[in-house]
Amino acid sequence: MPDTTTPETIGKGAAATDAVETAEAGTAAVYTATLAADADGVRLDRALAAAVGGLSRSRLKTLILAGRVTVGGRTICDPGHRVNAGDTVAVAVPEAEPAEPQGEDIPLAVVYEDDDIVVIDKPRGLVVHPAAGNWTGTLVNALIAHCGDSLSGVGGVRRPGIVHRLDKDTTGLMVVAKNDHAHQALAAQFADHGRSGPLQRGYFAFVWGAPDRPKGMIDKPIDRHPTIRDRMAVRAGGRAAITLWEVLERYPAHAPGGAVGPGNHRKSGRQPPAASLVECRLMTGRTHQIRVHLAAAGHPLLGDDTYGPGFRTKTALLSPPAQSALGALSRQALHAYLLVIEHPVTGEEMEFRSELPPDLARLRLMLQNG
């Protein structure tokens, strides 16, 4: 099926020369081919498998989905796309990632540190450990530079010292193990979820609307979304998930002209609040647990485009300053403010608290001012 240019002949012709230069820059090797007559109407992944030697169809499918394949200069992300004879296809194969993450000079907000643990206040935008799409610039890269060889290896080469995680855009407290003994002891505490020990994890969550009770519990199993695989969902047969919650503040809806409209006063009870601040305590530790549970309860997090996209129209209920603060947030309004652990060596109960970061503090102030 390959015609004029194949991986074996890269280095001949203008397109091939560009591919070689890209590879030398350390970013990607580009394979190009012009599809022959027998490729007409064939699926893109099948046509590439025949045209590009050395890459399996599954690998090519992954590259297509990642946006690394072009047909006639146009990026195609559908493996089932039907190609035409004579199409020029290009596959950009990324450089192989290092087997082990490297230390990087990334600033860390260290709350506490000794020979066994380090507690950090994670900022927004920081991925915890290397994974597809985020091989560098992670918390692990920062920790390797900060701690050197002392990090626990129990979590594996890509997750040294990591015993729990926060989402990329969730801010707040995390504890990391600096040796294997500390890792095993902390992992046991997190697996127990505080049932027999002092472990506590508390979060501040700004949500749309407000529950009709002052406090409660969400006990709903969580599993992968049936069709959107990078999301989670409440699903029968999923893993047990329990979140305790308590409403701390309720924010009235904004009325035109800047006044609190009739029925909007938080004590009137006649019109539901526009938003509220809810404290959440985790009794289990599922991926995206708080975000999924609150969305399932009808109160998704402000700024959460993954689990609360249908609530964007609710921004009209907020005052202009609150709308501006929410627009500037560009992330889910969730902060891990409380962490209580038992020190893995001394047995001392240790409590750490984190103030709201500036973006959430501003959002809270604007919501309070109505």
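Modeller: Helix H2 (residues 44-51) packs against helix H3 (residues 57-65) at an angle of about 125°, and their axes lie 9 Å apart. Axes here are lines fitted to C-alpha atoms, for helices over the stretch in contact, and angles run from 0 to 180 degrees between N-to-C directions. H2 is therefore oblique to H3; angles under 35 degrees count as roughly parallel, over 145 as roughly antiparallel, 65 to 115 as roughly perpendicular and the rest as oblique. Helices are DSSP runs (H or I, at least four residues), numbered from the N terminus. This is a predicted model, in which local features need pLDDT of at least 70, side-chain atom pairs count only at pLDDT 80 or more, and totals for chains, interfaces and linings use all residues. Residues are numbered from 1 along each chain as its sequence is written, and side-chain values use heavy atoms, with hydrogens and water left out.

On the H2 side, Leu-44, Asp-45, Arg-46, Leu-48 and Ala-49 meet Arg-57, Leu-60 and Ile-64 of H3, where contact means heavy atoms within 4.5 Å. By class, this contact has five nonpolar, no polar and three charged residues. Ala, Val, Leu, Ile, Met, Phe, Trp, Tyr, Cys and Pro count as nonpolar, Asp, Glu, Lys and Arg as charged, and the others, Gly among them, as polar.

Notes
Helices (H or I, at least four residues) and strands (E, at least two) are DSSP runs, numbered from the N terminus.
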